[in-house]
Amino acid sequence: MSEIAVSVRGLVKRFGAYTVLKDVDFEVEAGTVSCIIGPSGSGKSTLLRCLNSLEEIHGGEVRVFGELQGYLLVRGGYRRLSPDRLARQREQVGMVFQNFALFPHMTVEQNLVCAPILLGKETAAAARARADELLAMVGMTGYEASYPAQLSGGQQQRVAIARAMMMNPRVLLFDEPTSALDAERVSEVLEVMKTLARAGKTMIVVTHELGFAREVANVVTFMDEGVVVESGSPGQVLGRPERDRTRAFLSKVL
């Protein structure tokens, strides 16, 4: 039986009076790639941020490899974890943002090594050696001393992926990783993601790149208006969708 990497049950998230996520159930097996698609405003990015405890939730729960995320189960309900415990949990779930989120005042190497060194996870020498390995993996060897502003968008995103890998996370989250890139740079980022997928990394990818989802994903989930409308294999969801809403969305984007 496959191990469950991420389990979401009855997830509710509100911003004021507006409910963004409405009783969402979602599950990802270890070593698989799950792509989440859907129109803007459907709750896809908010779901990712809840998986990484970047957002507080208002109902349900998130578990990563069985561990409750963001909260401690106590008598009478849930209590938010302390900032220190939240930080330790987030080490298990790396995140790549659509706007890169690199520190502009740090070099490429400094962006990668700062977290493991500051958190006492690795010595400076060990962190630099691992940074070299990861930069080679994403095709960025030779850019260690460069600053983000000196790099193209595609190069910055590849550095961001390497940085997300520095803490050896068990799950990688990607929030529209190619949406800020021009067409020429999209493929170089997708190739890095395909390499990670082939290596068996557990990945959850919010994306509008349906070709990538069709080729790489084990499961495609279509979301709309804060709910999971349909989920299944790429062939089923993208090729033979069962729901009218899924068919209507795909008719506009395929």
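**Aromatic pairs.** I looked for ring pairs in this predicted model and found two aromatic pairs (ring centres of Phe, Tyr or the six-membered ring of Trp within 6.5 Å). I picked out Tyr71 and Tyr78, which sit edge-to-face (planes over 60 degrees apart; under 30 would be stacked, the rest tilted). Their centres are 6.4 Å apart, with 80° between the planes. Tyr71 is buried at 12% relative accessible area, while Tyr78 is partly exposed at 43%. Buried here means under 20%, exposed over 50% and partly exposed in between, with a 1.4 Å probe and protein chains only.

**Charges over rings.** I then checked for Lys NZ or Arg CZ within 6 Å of a ring centre and within 35 degrees of the ring normal. Arg80 lies over the face of Tyr71, 5.1 Å from the ring centre. Arg170 does this with Phe65, at 3.6 Å.

**Ground rules.** I number residues from 1 along each chain as its sequence is written, and I use heavy atoms for side-chain values, leaving out hydrogens and water. Local features need pLDDT of at least 70 and side-chain atom pairs 80 or more, whereas totals for chains, interfaces and linings use all residues.

**The sheet.** I traced an open sheet of six strands, ordered E8-E9-E10-E3-E11-E12, with mixed pairing (at least two DSSP bridges between two strands). Strands (E, at least two residues) and helices (H or I, at least four) are DSSP runs numbered from the N terminus. At the edges I have E8 (93–96) and E12 (227–232), each pairing on one side only. The twist averages 20° from one strand to the next. E3 (33–37) runs parallel to E10 (202–206) over four bridges, and Val33 stands opposite Met203 in E10. H6 packs on the sheet, touching E3, E9 (171–175) and E10 (heavy atoms within 4.5 Å). I noted about 145° between the directions of H6 and E10, using N-to-C directions on a 0 to 180 degrees scale and axes fitted to C-alpha atoms, for helices over the stretch in contact.

**The cores.** Which residues touch the most other members of the largest nonpolar core? I listed Ile37, Val159, Ile161, Phe174, Met193, Met203 and Val205, out of 47 residues. Helix H6 (183–198) gives the most, seven residues. A core joins buried Ala, Val, Leu, Ile, Met, Phe, Trp, Tyr and Cys through side-chain atoms within 4.5 Å. Leaving out residues up to four places away in sequence, I found Phe174 touching several residues, including Leu48, Val96, Met193 and Val206. Another core of 27 residues lies apart from the largest one, with Val6, Val8, Val206 and Met223 among its members.
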